[in-house]
Amino acid sequence: MTPKVTIRGLSKRFGALEALRDINLEAGRGAFISVVGPSGCGKTTFLRIVAGLEPASSGEVLIDGRPVRGPGGDRGFVFQSDNLLPWRTVLANAMIGPEVAGRSGPQERRRTLDLLKLVGLEGFEGYFPRQLSGGMRQRVNLARALAIDPEILLMDEPFSSLDAQTREIMQTELMRIWEQGRKTVLFVTHQIDEAVFLSDRVLVLARRPGRLQESVEIALPRPRALAIKRTPEFVRYVDHIWRLIEDDVRASVIEEKV
Amino acid sequence: MTSFVQAVRRNYLAGTLSVLGGLLIWELLSRYLVANALFLAAPSQVFAAIVALARSGELWRHVGISALEFALGYVIASILGILLGLGMASSERIKQIAQPWISGLYATPTIALAPLFILWFGIGIWSKVLVVILLVLFPVTINTEAGLRTTSERLTEMLRSFGASPRQIFFKVSLPSALPFILAGLKLGIGRGLIAVVVAELFGSRAGLGRLISQSADAFNMPELFAGVVVLAVAGILMTAGFTWLEKTLVPWTKD
């Protein structure tokens with residue numbers, strides 16, 4: 001069986017800067033895969049290439065064995081900043097994907113309403129983004145990506161702007177939603193514990209150039225509750241990944257200060 | 001209820017008192033201190049002049065002509081300005097060609113060209129319409145272009161991730177996000193357009209509020225001169241208030 005997502009020899013250069021070097025990945029249908037690494041390791045660029053928002057310099061991204069040539073309805077992108085349209089209501093924002101594809105009939109509308117309920121926004125359909133909290137805006141962001149019923153969810157640090165408590169709530173919500181729909185997920189984050197908690201596998205990237213350092217299988221049982229974060233197994237995974245990227249993170253912190 | 005009264009008191013009381021006080025001082029000044037009908041008219045006399053002009057029908061003749069000149073010039077300038085702004089935002093070449101003219105003419109007090117236009121196009125309404133167009137066009141163009149150019153990269157990308165075409169991106173993101181800028185440009189145009197009408201009429205016209213003001217000045221008829229100014233002020237205030245309401249209705253997300 002062909003994997004859902006296959007990435008072969010993916011590299012990306014921005015002029016003299018080598019952002020990504022020879023990334024390879026096979027993700028089965030319904031897998032939850034996280035990408036972690038220090039800032040500047042190219043993890044967002046990686047996701048943008050898979051989304052078709054950015055061309056690769058070499059190598060290829062295959063979905064169901066077919067190469068990606070641009071954005072498509074098979075992939076839903078959840079952005080780091082929610083990117084909601086301020087003049088649209090929650091429902092109209094969530095409907096933008098189907099609308100762009102020319103499907104905004106009552107059936108799509110009903111489906112989107114169901115999704116808003118799924119992400120916990122029932123009763124807020126008519127609100128405008130400025131009336132919502134950061135956590136609620138990210139829920140709309142997620143519902144908007146789900147509204148095109150994509151087979152793959154691409155998530156770019158979606159919870160990074162939220163406070164710690166809200167972030168943990170959103171992680172469990174995402175787990176619940178993922179377990180219901182079993183989409184293939186590529187999840188970029190800089191939070192190691194978030195990656196371990198959510199994923200079947202964590203890809204650890206190194207920086208300059210961004211390259212795959214290790215692929216860590218997370219063999220924790222599902223469904224996972226937040227309490228699992230305090231178990232020794234969980235902490236071992238986090239420690240292991242942290243040690244892999246620690247030097248790189250220190251280097252990037254120093255660089256940012258300069 | 002009490003909080004409503006308090007809010008009204010807090011927001012409007014000082015302003016209302018200030019206006020009433022100003023009118024009172026003006027009234028007293030012109031009755032007892034200046035007391036010369038050739039220099040100043042009291043608010044009560046101005047009000048009486050407005051009523052008399054309205055009764056005789058003369059006021060409406062002047063208002064009608066000025067309103068027509070303003071409306072024609074304003075609508076033409078708005079359409080041209082928005083189109084020009086769209087053109088400049090969508091094509092680097094158009095922008096390069098138009099930019100020096102727009103920057104130059106926007107900074108120039110083009111109202112000074114009014115006598116020239118009257119020489120060229122006569123004292124009818126079209127010379128005034130042209131002056132209005134010249135004054136309103138640039139703020140509308142500049143704001144339209146700026147609004148479209150500052151469309152958030154992130155919002156455009158979001159739409160692109162759903163496979164949107166450039167046309168869909170324009171109508172679903174660029175245009176709505178430029179709308180507050182376009183409205184602000186149109187609002188700026190109201191004041192400039194009114195100045196254009198009146199000043200152009202001062203230089204030569206058969207009728208209009210500018211004409212009313214200049215002929216009243218020639219005849220030292222202070223109440224009618226002030227009547228013309230007051231009517232203009234009211235028109236400006238009403239139109240600007242109407243626009244503020246329009247902004248609140250059309251682009252509520254820019255408030256608060």
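**Entry 1. Contact between the chains**

I began with the contact between the two chains and found 14 residues of chain B in contact with 18 residues of chain A. I note here that the model is a predicted one. I then asked which elements of chain B give two or more residues to the side that touches chain A; they are α7 (153–161) and α8. Of the contributions to this side of chain B, that of α7(B) is the most, with seven residues. I sorted the side of chain B that touches chain A by class and recorded eight nonpolar, three polar and three charged residues.

**Entry 2. Helices α3 and α8 of chain B**

Helix α8 of chain B covers residues 166–203, and helix α3 of chain B, residues 58–90, packs against it. I recorded an angle of about 140° between the two, with their axes 10 Å apart. The pair α3(B) and α8(B) is therefore oblique.

On the α3(B) side they include Phe70(B), Gly73(B), Tyr74(B) and Ala77(B). On the α8(B) side, I noted Leu186(B), Gly189(B), Gly193(B) and Val197(B) among them. Glu69(B) in α3(B) and Glu201(B) in α8(B) also belong to this contact. By class, I found nine nonpolar, five polar and two charged residues where α3(B) meets α8(B).

**Entry 3. Domains of chain B**

I looked up the division of chain B and found domain 1 at 1–35 and domain 2 at 41–254. Taken over C-alpha atoms, the centres of these two domains of chain B are separated by 30 Å.

**Entry 4. A sheet in chain A**

I turned to chain A and traced an open sheet of six strands, in the order β6-β7-β8-β3-β9-β10, with mixed pairing. I identified β6 (75–78) and β10 (211–217) of chain A as the edge strands, each pairing on one side only. From one strand to the next, the twist averages 15°.

Strand β9 of chain A, residues 201–206, runs antiparallel to β10(A), and six bridges join them. Within this pair, I found Val202(A) opposite Val216(A) in β10(A).

Methods. Residues are numbered from 1 along each chain as its sequence is written. Chains are lettered from A and ligands numbered from 1 in the order in which they are written. This is a predicted model: local features need pLDDT of at least 70, side-chain atom pairs count only at pLDDT 80 or more; totals for chains, interfaces and linings use all residues. Domain bounds come from an automatic or database domain assignment. Axes are lines fitted to C-alpha atoms, for helices over the stretch in contact, and angles run from 0 to 180 degrees between N-to-C directions. Helices (H or I, at least four residues) and strands (E, at least two) are DSSP runs, numbered from the N terminus. Angles under 35 degrees count as roughly parallel, over 145 as roughly antiparallel, 65 to 115 as roughly perpendicular and the rest as oblique. Two residues are in contact if their C-beta atoms, placed from the backbone, lie within 7 Å. Ala, Val, Leu, Ile, Met, Phe, Trp, Tyr, Cys and Pro count as nonpolar, Asp, Glu, Lys and Arg as charged, and the others, Gly among them, as polar. Two strands pair if DSSP finds at least two bridges between them.
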